[in-house]
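Please walk me through this protein structure.

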Amino acid sequence: SYEHFPVTEFSSFTNWVEVGAYFHPFYDAAQFQTDKVLDVAATIRASTSDRAQQLRAALDYVQQEVRYLGIELGPGGYIPRSPDLVLERRFGDCKDMVVLLTSILMALNIEAKPLLVDFGYLGQVSDRVPTFAAFDHVVAMAKLDGNTYFLDPTRGPQLGDLTHLQQADFGKGVVIAANGPGMINAVAPKPRIPAQITY
C-alpha cells in the first residue's frame, strides 16, 4: 500500500479496541440463535460428530447456499443484516455472510469472531488512525483445538479439509468483540502439503 497524495485522518476512536467494541452489538452471534440458525447447526451436527468437519461444513453451507451480493447503501454499508433474513433471501454481503457463519458456529459451540480487514493496506492498516473507515472487508476468525482459521465465506466453494484449506493473508485485522484485543496479526498458516508424493 502507498498513499500517493497527502492525507489527513480524523477519528472519534482512541484505539482499535474501541473500533471492535463499537460494532460488537451489531455482530454479536448470541442474539441470532434463532430457530433457522439452530436448524442449520442441527443438520450439520447430525451429519458428523467431528468438530473440525462441523466447522468445515458450516463454511461450506454459507459459501454454497448464500450468494455474495454487496448492497452498500445507508446503514447496510456498515451494519449486517440478520441471519434469518439472509437465509430467507439466500444472498448477502460480507457482513451478512460472516454474521450467519459465526451464528452457526456458536450454535455448534465453536468459537468464532468477526474480523475487520483491508485488502489494500493489509498489515499496514495498523499505521492508520483507529477508525472503521480503515477497512473494506470482514471475515470470520474461528478457533478450534488450538488452531486459528481465517475464513472468508464470500469466496466460492473451497476444496480440501481444514488442514489443507487455502486462507488469505490479511496481515492485520481488528477483532469485533465487546472486550476484544483490538488489532491482531491475521496471517493464516500455510496448508500442510506433503513435500514428496509417492505413486
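Strand β3 and strand β6 (residues 171-175) pair in the antiparallel sense, over 2 bridges. Leu-116 stands opposite Val-174 in β6. Two strands count as paired if DSSP finds at least two bridges between them. Strands here are DSSP runs of E with at least two residues, helices are runs of H or I with at least four residues, and both are numbered from the N terminus.

β3 has another partner. With strand β4 (residues 137-144) β3 forms an antiparallel pairing over 7 bridges. In this pairing Glu-111 faces Lys-143 of β4. Buried means under 20% relative accessible area, exposed means over 50%, and partly exposed lies in between (1.4 Å probe, protein chains only). In a regular strand the side chains alternate between the two faces of the sheet.

A word on the source. This is a predicted model, in which local features need pLDDT of at least 70 and side-chain atom pairs count only at pLDDT 80 or more, while totals for chains, interfaces and linings use all residues. Residues are numbered from 1 along each chain as its sequence is written, and side-chain values use heavy atoms, with hydrogens and water left out.

Now take the whole protein. It has 5 helices and 7 strands. Along the sequence they follow the pattern α-α-α-β-α-β-α-β-β-β-β-β. The radius of gyration is 17 Å, close to the 16 Å that the globule rule gives for 199 residues, so the protein is as compact as a globular protein of that length. That radius is taken over C-alpha atoms, and the rule is 2.2 Å times the number of residues to the power 0.38. The C-alpha trace spans about 55 × 45 × 30 Å along its principal axes. Of the 199 residues, 44% are buried. Among contacts with a separation of 6 or more, 66% join residues 24 or more positions apart. A contact means heavy atoms within 4.5 Å.

Next, look inside. A search of the whole structure finds 2 cavities of 30 Å³ or more. A cavity is a set of points on a 1 Å grid over the protein atoms alone where a 1.4 Å probe fits but cannot get out, and its lining residues have an atom within 4 Å of a point. The largest cavity holds about 60 Å³ of space. α4 gives the most, with 3 residues. The second largest cavity holds about 50 Å³. Its lining includes Phe-150, Arg-155 and Phe-170.

Two loop residues deserve a look. Most residues other than glycine have a negative phi. Arg-90 has a positive phi, near 65°. Arg-90 sits in the loop between α4 and β2. At 34% relative accessibility, Arg-90 counts as partly exposed. Asn-109 is not a glycine either, and its phi is positive at about 60°. Asn-109 lies in the loop between α5 (94-107) and β3. With a relative accessible area of 61%, Asn-109 is exposed.

Methods: 1 Å grid on protein atoms, 1.4 Å probe; cavity = no way out; pocket = protein on both sides within 12 Å on 5 of 7 lines; lining within 4 Å. Points joined across faces, edges and corners; volume = space filled by probe spheres on them.
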